[in-house]
Amino acid sequence: MVTSLNDLPTDLLIGGQWKPAASGRRIDVFNPSSEELIATVADAAPEDAVSAVDAAAAAAPGWAATSARQRSEILRRCFELMQRDAETLARLISLENGKALNDARGEVAYAAEFFRWFAEEAVRINGDIGMSPSGAARIVVQYQPVGIAFLVTPWNFPAAMATRKIAPALAAGCTCILKPATETPLTAYAVAALLMEAGVPPGVVNVVTSSMAGKLANAVLDDPRVRKLSFTGSTEVGRVLLKKAADQIINCSMELGGNAPFVVFDDADIDQAVEGAMVAKMRNGGEACTAANRFYVHRKVLAEFSERLAQRMSALKVDDGERPDTQCGPLVNAASVAKIAQLVADAQAKGARVLAGGTRLDRPGHFYAPTVLADVPLNADLLHEEIFGPVAPIVGFEDEAEAIRLANDTEYGLVAYVYTRDLARGLRVSEQIESGMIALNRGLVSDPAAPFGGVKQSGIGREGAHHGILEFCEAKYIAATW
Ligand code: NAP
């Protein structure tokens with residue numbers, strides 16, 4: 001049980017043992033709210049990662065041979081332990097990531113649900129049996145674990161992005177090596193400690209933190225024993241990893257960047273649209289791949305929507321993530337603040353008007369004020385890049401065709417938000433927007449029971465739902481005559 005920072009493991013988890021990095025090196029972990037050092041964790045070199053692959057390989061046959069029911073019960077126990085320690089985990093996430101404690105609590109609940117969902121899915125990996133159309137043979141299909149999985153996760157949801165991969169990997173019978181983000185390693189170790197307590201056998205889950213992500217990933221992906229890469233992070237790094245994975249033809253699932261459009265038609269319920277906009281934009285302080293990045297609003301309701309969104313954004317309580325009444329915490333680091341300041345300056349220079357915010361906060365920590373920009377020109381950089389912060393740029397549109405064209409004007413395709421009271425229009429537009437997920441009159445799509453993932457440069461594959469477990473399985477086809 002993890003009750004405080006003092007009893008949190010901070011060494012590598014390899015083969016069920018907490019081990020310092022072979023080099024003895026450590027990585028500093030900071031609190032984004034105060035910029036203070038809060039802990040150090042082991043800094044794995046590529047050879048430590050190979051030891052983790054050795055451990056995963058040693059544990060693989062035993063884990064694959066366990067019954068689905070045994071795996072299911074261990075995963076169910078992981079869910080229960082995460083619930084037991086939910087408040088401690090939420091405080092830890094808030095401490096190292098900076099997100100508001102309420103957002104962190106939401107993340108823990110979401111993260112834990114992946115264990116419950118995949119505990120239920122573990123016993124439902126059904127194959128099928130059919131007859132070849134020619135009548136020549138039976139077609140028997142069964143699903144087998146894909147093999148050792150390398151899981152790489154980002155800092156923005158340090159618990160949920162890890163459990164969204166670990167739970168289906170374990171349910172399918174795979175062993176794994178998790179490489180969490182350097183900004184937020186503590187949450188990964190806290191979750192790993194719970195997995196051990198829940199009875200996950202040594203070597204089934206290994207965790208390596210490292211300041212040399214590229215070299216470590218190369219060492220793991222060069223190892224022919226590793227058969228799966230599941231990555232969540234930026235499109236830029238995803239592209240590098242896909243190229244590397246090509247060397248050993250490794251099975252890849254990629255959850256990459258987003259640039260979500262938020263489309264408000266003139267027949268929308270504006271109360272509902274503003275409420276949804278606050279969730280879609282400000283969950284996690286805007287540091288979400290699903291964050292609404294571009295607001296396209298019909299000209300008839302543009303002024304009303306913009307003013308009301310600006311009022312709501314200005315009223316947010318911005319403060320240290322760990323304070324109970326904080327609604328928007330700091331960004332994760334100084335580079336994120338600098339990037340957002342640059343994007344806002346670019347939009348302003350091109351003619352955008354600031355309706356709310358538009359400045360860094362003059363205080364310790366990586367704070368940027370919740371911001372609304374109106375009259376944003378189509379060539380502003382922030383309409384084409386992930387903002388990853390509390391900035392809402394608004395653009396007007398005239399008709400449905402223009403809204404769809406604007407929404408699709410991006411290389412990304414993760415999620416889109418659509419507000420209209422006309423269900424036929426809602427479905428028609430949903431079908432034409434190029435994204436893996438649509439939120440229709442809603443500000444939130446994430447649900448462990450639903451297939452999460454993107455099209456275009458937002459990714460390959462799906463997490464959650466039944467789809468998530470199949471990402472860690474191979475279909476075995478047996479042509480049989482009897
Ligand atoms: P990132 O820079 O791509 O990093 C993600 C992970 O990859 C981290 O663990 C990072 O390690 C590691 N990494 C960095 N360079 C690497 C390399 N050359 N080889 C192997 N691994 C490498 O992304 P981030 O800034 O942490 O997260 C934000 C991004 O994640 C956004 O683009 C967001 O949209 C995306 N995201 C997508 C989803 C989704 O489901 N589609 C969900 C959440 C986030 P270090 O921390 O050590 O650099």
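Contact here means heavy atoms within 4.5 Å. Helices (H or I, at least four residues) and strands (E, at least two) are DSSP runs, numbered from the N terminus.

A note on the source: this is a predicted model, where local features need pLDDT of at least 70 and side-chain atom pairs count only at pLDDT 80 or more, while totals for chains, interfaces and linings use all residues. Residues are numbered from 1 along each chain as its sequence is written, and side-chain values use heavy atoms, with hydrogens and water left out.

**Helix 3**

Which residues of helix 3 are buried? I listed Leu89, Ala90, Leu92, Ile93, Ser94, Leu95, Glu96 and Asn97. I then checked the length of helix 3 (residues 86-97): its 12 residues should span 16 Å at 1.5 Å a residue, and the end C-alpha atoms are 16 Å apart, which agrees. The expected span is 1.5 Å times one less than the number of residues. Just after helix 3, I found Gly98 with a positive phi of about 95°.

**Helix 2 and helix 4**

Two packed helices are described by the angle between their axes and the distance between the axes. For helix 2 and helix 4, the axes come within 8 Å and cross at roughly 165°. That makes helix 2 roughly antiparallel to helix 4. Axes are lines fitted to C-alpha atoms, for helices over the stretch in contact, with angles from 0 to 180 degrees between N-to-C directions; over 145 degrees counts as roughly antiparallel. I noted the crossing as left-handed, that is, the near helix is turned anticlockwise from the far one by less than a right angle. On the helix 2 side, the residues that meet helix 4 include Leu75, Phe79 and Met82. Their partners in helix 4 include Val108, Phe115 and Phe118.

**Salt bridges**

How many salt bridges does the structure hold? I have 35 in my notes, each a side-chain nitrogen of Lys or Arg within 4 Å of a carboxyl oxygen of Asp or Glu. I looked up three pairs.

- Arg225 and Asp54 meet at 2.7 Å, N to O. Arg225 lies in the loop between helix 7 (213-222) and strand 10 (226-232) and Asp54 in helix 1 (residues 46-65), so the pair ties together parts 171 residues apart in sequence. Arg225 is partly exposed at 34% relative accessible area, and Asp54 is partly exposed at 37%.
- Glu463 and Arg164 meet at 2.5 Å, N to O. Glu463 sits in the loop between strand 19 (459-460) and helix 14 (467-470), and Arg164 in helix 5 (residues 160-172), 299 residues apart. Both are buried.
- Arg425 and Glu400 meet at 3.1 Å, N to O. Arg425 is in helix 13 (residues 423-432) and Glu400 in helix 12 (residues 400-407), 25 residues apart. Arg425 is buried at 16%, and Glu400 at 17%.

Arg425 and Glu400 also belong to a salt-bridge network with Asp266, Asp267, Lys300 and Arg428.

**Thr290**

Is Thr290 buried or exposed? Thr290 is buried, with a relative accessible area of 5%. I placed Thr290 in the loop between helix 9 (270-282) and strand 13 (292-298). Leaving out residues up to four places away in sequence, Thr290 touches Ala260, Ala280, Arg283, Leu414, Val415, Tyr417, Val445 and Phe452.

Methods
Buried < 20%, exposed > 50% of the residue type's maximum accessible area, 1.4 Å probe, protein only. Parallel < 35°, antiparallel > 145°, perpendicular 65-115°, else oblique.
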